[in-house]
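Subject: Structure handover

Hi,

Here is the structure we talked about. Please open it alongside this note; what I found follows below.

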Amino acid sequence: MLAGIIIGIIVGVLLIIFLIIYNGLVRRRNQVKNAWAQIDVQLKRRYDLIPNLVETAKGYMKHERETLESVTKARNLAQQASSAGAGERAKAEGELSSVLSHLLAVVENYPDLKANQNFLALQEELASTENKISFSRQYYNDSVLRYNNQTQMFPSNIVASMTGFKASEFFEVTLAAEREAPKVSFSQ
Amino acid sequence: MWEQIRSNQIRSVVLTIGMGALLILIGYFLGLYFFDSAFAGLVIAILVWVILSLVGYFQGDSLLLTMSRAKKIKRDDHPRLYNVVEEMKIASGLEKMPNIYIIDDPALNAFATGRDPNRASVAITSGLLQKLNRDELQGVIAHEISHIKNRDVLLMAMCSILLGTIVLLAWYGSRFLIFGSMTGSRRSSSSGGGGQAQIIILVVSLVFMILAPIMAQLIYFAISRKREYLADASAALYTRYPEGLASALEKLGTSTGQLKSANKATAPMYIINPFRKKGMKASDLSSTHPPISERIRILRAMAGASFNDYEQAYHQVHRGGTGVIPAASLAAETVPIATIKLEGEASEPNEIQRARETSDVMWRLSNYNTITCDCGAKLRVPPKFKEPIIKCPHCGRTHQV
């Protein structure tokens, strides 16, 4: 009788611990999903902004047809890769980021274009979207790290393997050019 | 990151309970002295506190924003500010975009308010908006967003209400006590033999009435300062760029203007103390904020952007003493400081352009119509202007209103 009660209590406690860990895993996984959706929103916003930017820049940048074309091409490639996994997608998006930053660097040679109000507004939007992409990537990777830690560390890894929680992929940008770019500060 | 929020909540709760105990003691002595019943005093003290808290909880943010004459802006009013707030919202993982307000004041300051992360607002003075470049603005906004994210806003609001109640009760209590005992018109106790005890209660109550507000204020300041360090650390983590906030604080530190619409109770809400004096000491107990110079030195000493790096930098500046970030959240490895910045920022507006931009927004928010004349002059047409045509005072061209 007493043994039965004790076993019952132990099973009950184990069940509660199991449920708490399971709910924690679900919460973390949802956080990862949300963070991924956030990146997706910003990447789509970039696809929408680029054609406008290219269109506005075209009239001023007669000698930069190649640059503009490479931007459009990289954009289309990235859009095609948007249904692929995190790793492949990150590569295409990284490529797009680097051609874009090249374009915005070239713009410095065109004072007329820089005086265009429409272009300035677009440029602010694009620069901010770039920032939002990297911040949402940052948040996504933090969320993935926390989630993966939980699926791999004891005791939550037992619950994770029993209920089919798999580690998520990081969104890494591996472009050497972007890594090495120095910090540019033009304040004042 | 979550462990640190939780552990900070525990620490703050302990301190808040300390303040609550002070409130109860005040009620106890008040009741004992005026009504011969400690219970009545307790009821009065708690009633006053509950009423003030309810007002603060439901109306606090709108009261604060109205008091500081803040104006709400939309995306189109100031795209750069809106974008920076949105960037920090994303970096911090906040679910809902906070409301953005501008305070028309040349003083440099900013604050966050709202009782929970889904109902938050960020306010910035127009002076600060035109003084800071994009990186610095990002640092300041990140600091404010981390106040929202770490749930400092509600805690500080509730603490300041608790402090306000204690100060209020102690102030009236001590006045009544002093005048009551001078004129002898105090309600006498029923038994005659209590004279000695009455005097002891009087003295103890009086001493307590004087000490309680001071003690409560010290506790309040202690909570507030810890929160400031934590918000700085979080801002560095979100932006991955501590220099942005450091350089913004430097600009804030050299300003001398005091914010007109701030008062003592709302002071901890701001990014820097609105009533600060120059040359404040590092060990100053009676300040809601750590000295700016110290905050800058810590941020500049950071080798990376993680909490761990902030903690190490803090120890470098302080040499010993307890840390500011709970150990549980320090396990995270070092996070590198971002070196990637878009070239697009090269064409960022300079300070004069920012000043023009900000003043345009302020005129528009006051319902003024702005007409740009071909000669370059800007005509501000007041909302009550009735004429259909306006003449440029500079070159004489006429414009349709």
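In chain B, strand 5 and strand 6 form a hairpin with 5 residues between the strands, where Gly376(B) takes a positive phi near 100°. Strands (E, at least two residues) and helices (H or I, at least four) are DSSP runs, numbered from the N terminus. Pairing here requires at least two DSSP bridges between the strands. Asn369(B) has Val381(B) in strand 6 as its bridge partner.

This is a predicted model: local features need pLDDT of at least 70, side-chain atom pairs count only at pLDDT 80 or more, and totals for chains, interfaces and linings use all residues. Residues are numbered from 1 along each chain as its sequence is written, while chains are lettered from A and ligands numbered from 1 in the order written.

Now confidence. pLDDT is the predictor's confidence in each residue, from 0 to 100. Chain A averages 81, and 91% of its residues score at least 70. Among the elements of chain A, helix 1 (residues 2-58) has the highest mean pLDDT, 88. Helix 7 (residues 176-180) of chain A has the lowest, 42. Over residues 175-188 of chain A, pLDDT is below 50. That stretch still has 23 contacts beyond near neighbours in sequence (contact: C-beta atoms, placed from the backbone, within 7 Å).

Best wishes

Terms used. Two residues are in contact if their C-beta atoms, placed from the backbone, lie within 7 Å.
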